[in-house]
Amino acid sequence: MAILNSKGVSFSLIGMDRTRTHNFVKLGSQPQRVTWAASRTCCEHSPGTSSKRHERYQRQPQNADLPELHPKKKKKPFPVPIKKMLQASRRDKRLAQMRIEKPLEPPKNGLVVPELIPLAYEVLDNWKVLIRGLSQLLNVVTVYGCRRCPIIHVGPVGHQIQDCYGTGSQHQNSHHSWVRGSINDVLVPIESYHLFDPFGWRVKHETRFDYDRIPAIVELCIQAGVDLPQYPSRRRIAPIRMIGKKVIDRGGFVDEPKPHCSEDCISLLAELDTFNNQQGQSSTPSNVKEFAERTLQAYLKVRQGVKQLMRKYTVKACGYCSEVHVGPWGHNVKLCGAFKHQWRDGKHGWQDAVVDEVVPPNYVWHVHDPNGPPLRSSLRSFYGKAPAVVELCVQAGAEIPEEYRPMMRTDVVIPDSGEARMAA
């Protein structure tokens, strides 16, 4: 028999009977044998039930909280533990003291990884589909942006949640001042300097205008093997050699060729940049639901492809601001205006980047019923959130992805104001 207690721990009862026989006892006129039956009960603990229930909940949780907001007055946490970085630094230092070259593998030695070239082209194609899809879906779904803060809302009307933290919001009780948004509000543009040779000269503060600023995803794909005539890149044949942090052989410096300008290049640049795809310039799609599904799948593939490319190719991010640099070392441009930038003379605090810094999710409130009443502050604990691209595609008719369903709290029933006051 199995017993399940309140903590989810299962116990099973195992009975072992034992018969004890005594001597003959005279009962009445006939002697009879008297037996005594004794039983023993053991408890056996089986933790499999609770662990299986926990694994099942982890696979498909009902609700999930958003990542914690990082305070602006602190540096971002390192994606790699400091202990591992110190161990790698000591190992490189010992090799440098013994004058032993640092062992480097592609792409750390400047060579392109052939296996990742098709993935880079796939990411770039999905990036084009994503930009074109969002520019057309904005004619179907309305996006609002606040004048005072960077918060946006996807829906027919702006929400009434009092969470504005911009300048002058205290005079309006933290209510937002909604205006019509654009594609740059949904897909936050993260740009990086384009480098002809990532292992060549660093970008200095005085020479920052000599380099083009392009989307960081496009620069990552170019360094991973994508060839664009407008943005040439150096393809090395011989690997670079390093001792410690010093490059002893980089194959010399090569002058950057002039970019090839043509009508095809201009049209290609318009597909890669969100600034050239504003609302109203694209036509409304005929089949909105199918178009929203294709756009949502392109967004998921872009994030997955960028994550795979970043496992090999180095992408640096500032630990204080949103600046991103694609390459083995960060640039020396002094434009960081974040917390205590005076102590660093405006230089960025470079560290390894994560996917959310290259492709920001830009979370917005999830609207269960676009035709219902606007969201209110009294019921904000019952609302979920989702990336702006996902919310836009879902309101256009796409299916909710399974990985975002707990975050959007689709299983939570939104109560009335009176029911919310009675809820514990």
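Leaving aside its neighbours within four places in sequence, which residues is N109 in contact with? They are L104, P239 and I240, where contact means heavy atoms within 4.5 Å. N109 is found in the loop between α2 (82-97) and α3 (117-137). Helices here are DSSP runs of H or I, at least four residues, numbered from the N terminus. N109 is buried, at 6% relative accessible area. Buried means under 20% relative accessible area, exposed over 50% and partly exposed in between, with a 1.4 Å probe and protein chains only.

This is a predicted model: local features need pLDDT of at least 70, side-chain atom pairs count only at pLDDT 80 or more, and totals for chains, interfaces and linings use all residues. Residues are numbered from 1 along each chain as its sequence is written, and side-chain values use heavy atoms, with hydrogens and water left out.

Now the nonpolar core. The term covers buried Ala, Val, Leu, Ile, Met, Phe, Trp, Tyr and Cys residues joined through side-chain atoms within 4.5 Å. The largest core has 67 residues. W127, I217, L228, V306, V358 and L392 touch the most other members. Helix α7 (residues 288-310) gives the largest share, 11 residues. A second, separate core has eight residues, including W365, V367, F382 and V412.

Next, the cysteines. A disulfide is a pair of cysteine sulfur atoms within 2.5 Å. The count comes to zero. The sulfur of C164 lies 3.8 Å from its closest cysteine sulfur, in C149, too far for a bond. For C318 the closest is in C321, at 3.5 Å, again too far. C164 is buried at 4% relative accessibility, and C318 is buried at 0%.

Technical notes:
Helices (H or I, at least four residues) and strands (E, at least two) are DSSP runs, numbered from the N terminus.
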